[in-house]
Amino acid sequence: MNLTGEDRLSRSRADRTGVLKRVVLAFSLFAGRALVTIGAVVLLSFVISRLIGDPVAQFISADSTKSKEESIRAELGLNDTVFEQFASYAGSVFKGNWGVSYQTGQPVLEMLLTRLPATLELAFLAVAFGWSVSLLALYLDGRSRGGTLYARAIANVGLFVPTFVIGLVLMVVFSVWLGWTPVFGQGELVEFGWYSSSLLCVAGIKALILPTMTLGLFYAAQLFRIMEAAKGQIKTQLFYSFSCSLGIRDSRLYWKVLLPKVVVSVLPVSLIEFGGLIAFSVVTEAVFQWPGLGSLILRALLLVDVPVIAGFLLVTAGLFVILSGLSNLLSSLLDVRTGPSSLLGKGVGV
Amino acid sequence: MSEREAILPVEAPVKKAQGHLLLFWLVVLLVVAGAVAFLSPGLRTGEWSRVLLKADFLNLSTTPFWYGNSGSDYLLGTDYLGRSFLLLLLNGALLSLSVGILATVFSMVIGAVFAVLAIARGGWFDRFLLAIADIQLTLPLLMVAFLLKGFVSRMVEESWSRHWDPYILVLALALANWPLIARTVRLSLLQELSADYTRTAEIMGRSLAGRLWYHCLPNSRNTLLALASTVMLLSILGEASLSYLGLGLEKMDPSLGGLIQVGQELIFEGRFYAIVLPALALIAIASGSYWLSRFFMAREQGVISARPSCQLRLTDEVFSVHNADVGFASGKKLFRGLSFELGAGECRSLMLPSGAGKSSLAHALLRSAGILGPEARGAGIVNFDPGADTLTERSCLAMMPQDARLALDPVRTIGRLFEDLEKSGNSDAASFRKEAVELLHQLGFEDPDEIFSKRGRALSGGQAQRVVLALVLMTPARFLLLDEPTASLDAHHKSVVLEILKREKERGRGFLLLTHDQEANDALSDQVLDFGQPAESSGIPDRLAVEQPGSSDRSFEIVTLEAVGLGSGANSRLQNVSLKLHAGERLGVWGRSGAGKSSLMDVLCGLEQDFSGGVHWSVPEAGAVPAVAKVFQNPGGSLNPAFTVRRCLEEPLSFYLETESARHQARLRMLELMALVDLGEDILERPVATLSGGQAQRVALIRAIVIPPGLLICDEVTSALDSRNRERVLKLLKTIPETAIVYVSHRKDEIASLCHRVVRMEKGRIVEDAPF
């Protein structure tokens, strides 16, 4: 992932053929990397579904005979060579057959799909919240002593306070003391086929507020750190010094020169951070007992429900590949020096 | 002789620095040992938990003292098993800290080992490693930790894995974080490996391990510490999150995360302390360990001088600076005692060679006047006192920077830049636009509207410089800092620009002109400023007789190049270069940039191995004499900033000379050479970072010739120096008659005074080879 992009100099954007070339190059790079990553993750999920737990265990009861166990083993193809097993596993993964949960007996793909809307809605709202808070912090930072203090406070809360502590504090204040929001759960839902949304009724929206703030504050802190670094980098450049020396008004410098450049350089990285956000939603969903992907995978991990774990791995890998591809595409289109990657890197979330 | 011996201190100060380093590692080792011991199964199931965390079934779930249940033995109450909450808190904090420390150390070791391997092996291994790191990024920490625990519990018995649970968690956290570390360390080491001072050591023949240890590691210190502090934070918070989710440490022996999970039940009873206290402890540990490792980072050198504070006045009538020292926060100085006073309609000029710090001076003035913020890169006035006698009016000063293309915003059009100015001033839009168009016309733009629609990077250097001038002239600023205003203009446009500047001067503007262009100076300047004293004491003593060109012994050929080529096709950098160099011969090399001078030097130094043709040496291969040494263009860059001057100078001595007596002789020679070029012995103990450009370049040269090499390569060694330092450097080069010198320069006068022979290069070939 060429996130630093130090070596790429800004060129004239009038050069249309250059843009096309860059996009094609970025896309082919992306496709290659995506294939490798997906392949590796399919391999990994195959390995864990064979090594952790016993696939036969789910089909046999305490009184099963040895011969019955053997026949199930043969039926599942477990007596074939490892390569044959992997080939058939990979085939079924691409056909959409991701196996059955040990716990509920439901198809894994279906379970993941029904949980997806809750997590997606939470994640998108958190992104919106994170962007607004970090932009506000960027605006306040350096404007006055108080403003700098607020901006630093937001950054440090996101850095030093674990997500679950933020969530618990919000819960204590707004749900337990003030009683404004429900303590946990998703509230009322409006269903459209398999997609059920909590955005369309008041109770649902109320239930969304605290999880959104918890997850969004984490995202905001990440974004603010990248924005701050990008801002510092722009301020060291000669064109900025020159504009300062020309006596251009501060507000104009901020809105016309600084802000667009900061946003453009943060945009590609923020897409990658979105993947980290989905990963971090496990913790937030655990705090608020939010019925999304996160609580599903947490339960699967605690109960060693291997097919669900393998399925979740595939989903996160797919998401990461799509997001990093989009991010590469975006930065090659925008063709600006991408800001430095966030200090905390990406995907290191819990 | 005896005098000299007395001056040389017996123990080098380097030892002291190593002492600090030793202490640091000792502390790290102790802390790690403590953490290992604290997590060990012996302690966890033994005395510690049995005695201190003893269950007390008579006092289950009691409340802390402020709930008013006097008579309880427990200050903070007990948990559901009747264990003291205070001790649980302490235990949890120690657990979190131990896991965090061990995970950090482990992941730093794994990441650093992989980074070094990637650099050492290069090629496919490097790419493979990056690919693995990329793939692992798709897995959240949670999954890595779980998968590892799953594997381990399958491989070993459950009771065993329960005992070693904390260590498995440490390993899992380390595995989750290593890609971040491997990438950062790799990048940082690669940067250091390509630095000039590391290259110098490479030419000297230091192995990769030696270079990494002596040159890369000390200079990556801040990066590594910053990384360690981040990883520590990630590990501590990661452990807490995992434990909170029930995937981390054993519930019966909870860390802070586990305590919060248990305490969550109690908040509905109103007992908020059960989550607040562990949360506060967690935040304190996380932020404390983060800031502690930042504390060990090397800090900037303080400001060195204590001269009477300088004054800077900037009003509509006068722009004056009195008694200013200009330099960097590191202590490096550019100018000392700079004073001038500039009134309306006047022009003062500073005639300085390129690289002498003109742009730095301009930035320093702007920063001190409060026009640029502290983030702007570059120098400042170091003894500037923004106190009583200082008056600055920000809008009265504007700068015209030298590098005009970089001064224009890369993505906004020129028209937008003029709009910025118009919106920031008081004049109305129509008259402003008319004026701007008029000015651009005068500056030789046929169609100003076309220029308005272009972006800065689409302009040529000369066009950009004129646009920048137009922008500067459209400001209401009374005083202008002109940094080489005519540098990239052709003769016609130069005269146009100088006419316009003259007119502006008559209209009452004041200029501070920083240039080395005599024509611009003659046209505008009323007075050439003496730029204060140069940053070092003057006067060159002529203690050693300096040998003149032509008297060297040309007995044998030290190196022969036969039809050397480098690269092929469009990437061809050298073509069919043949060259013979005799011992003691001084060869000047000149040519435009891109002519292949650097490639030729790389082949001679051995930095470039992948060439065709033959290079034959006839230097004695014995280790006592370096075959080849190189001095780099940038004086600051070729000395390791982590070293003192003494350590830099003595590096070749300890590398080449075996006996102490030989080293002693070499040290005496070193002192003689230093005296010859006016470097005092007091300089030996100074950190390299505090040297001025001229001093640094002389130190670099002395290091290269203190044991005279067979061949010395000098790459534009005088380009950043003023004339006085240039003379000193040339003088040094004449003290080694037995050494052949390849002197690359674009200054013909230096080549003429120094060299016996000169070759001219063009497009990777030698096109001219003539004796002087």
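In chain B, strands E8(B) and E9(B) pair in the parallel sense over five bridges, where two strands are said to pair if DSSP finds at least two bridges between them, and where helices (H or I, at least four residues) and strands (E, at least two) are DSSP runs numbered from the N terminus. Within this pairing, B:Leu480 stands opposite B:Phe511 in E9(B). The structure is a predicted model, in which local features need pLDDT of at least 70 and side-chain atom pairs count only at pLDDT 80 or more, while totals for chains, interfaces and linings use all residues. Residues are numbered from 1 along each chain as its sequence is written, and chains are lettered from A and ligands numbered from 1 in the order in which they are written.

Strand E9(B) is also joined to strand E4 (residues 347-351) of chain B, by five bridges, and these two strands run parallel; here the bridge partner of B:Ser349 is B:Leu513 in E9(B). Six of the six residues of E9(B) are buried, so this strand is largely enclosed by the rest of the structure. A residue is called buried if 20 or more other C-beta atoms lie within 10 Å of its own, exposed if 12 or fewer, and partly exposed in between, with C-beta atoms placed from the backbone. B:Gly510, B:Leu512 and B:Leu514 point one way from E9(B), whereas B:Phe511, B:Leu513 and B:Thr515 point the other way, and all are buried.

These strands belong to an open sheet of five strands in chain B, which has the order E7-E8-E9-E4-E10 and parallel pairing. Its edge strands are E7 (397-400) and E10 (527-528) of chain B, each of which pairs on one side only. Strand E7(B) pairs with E8 (residues 479-483) of chain B in the parallel sense over four bridges, and B:Met400 stands opposite B:Leu482 in E8(B). Helix H15 (residues 358-368) of chain B packs on the sheet, touching E7, E8 and E9 (510-515) of chain B, and its direction makes about 155° with that of E8(B). Contact between two residues requires that their C-beta atoms, placed from the backbone, lie within 7 Å, and angles run from 0 to 180 degrees between N-to-C directions, with axes being lines fitted to C-alpha atoms, for helices over the stretch in contact.

Another open sheet in chain B has six strands in the order E15-E16-E17-E13-E18-E19, with mixed pairing. Its edge strands are E15 and E19 (765-771) of chain B, each pairing on one side only, and the twist averages 20° from one strand to the next. Six bridges join E18 (residues 757-762) of chain B to E19(B), and the two strands run antiparallel; the bridge partner of B:Val758 in E19(B) is B:Ala770.

Among the helices of chain B, H10 (residues 196-204) is mostly covered, with nine of its nine residues buried. The buried residues of H10(B) pack against helix H9 (165-193), helix H11 (208-219), helix H23 (597-605), strand E15 (628-631) and helix H24 (645-656) of chain B. H10(B) is followed by B:Gly205, whose phi is positive, near 105°.

The axes of H9(B) and H11(B) come within 9 Å and cross at roughly 110°. The two helices are therefore roughly perpendicular to each other, given that angles under 35 degrees count as roughly parallel, over 145 as roughly antiparallel, 65 to 115 as roughly perpendicular and the rest as oblique. The contact is made by B:Leu189, B:Glu192 and B:Leu193 of H9(B) and by B:Arg211, B:Leu212, B:His215, B:Cys216 and B:Asn219 of H11(B).

In chain A, the axes of helix H5 (residues 145-160) and helix H7 (residues 202-235) come within 8 Å and cross at roughly 115°. Residues that make this contact include A:Ile154 and A:Gly158 of H5(A), and A:Leu217 and A:Phe224 of H7(A).

Considered as a whole, chain A has eleven helices and two strands, and buried residues make up 42% of its 350 residues. Chain B has 28 helices and 19 strands, and of its 772 residues 45% count as buried.
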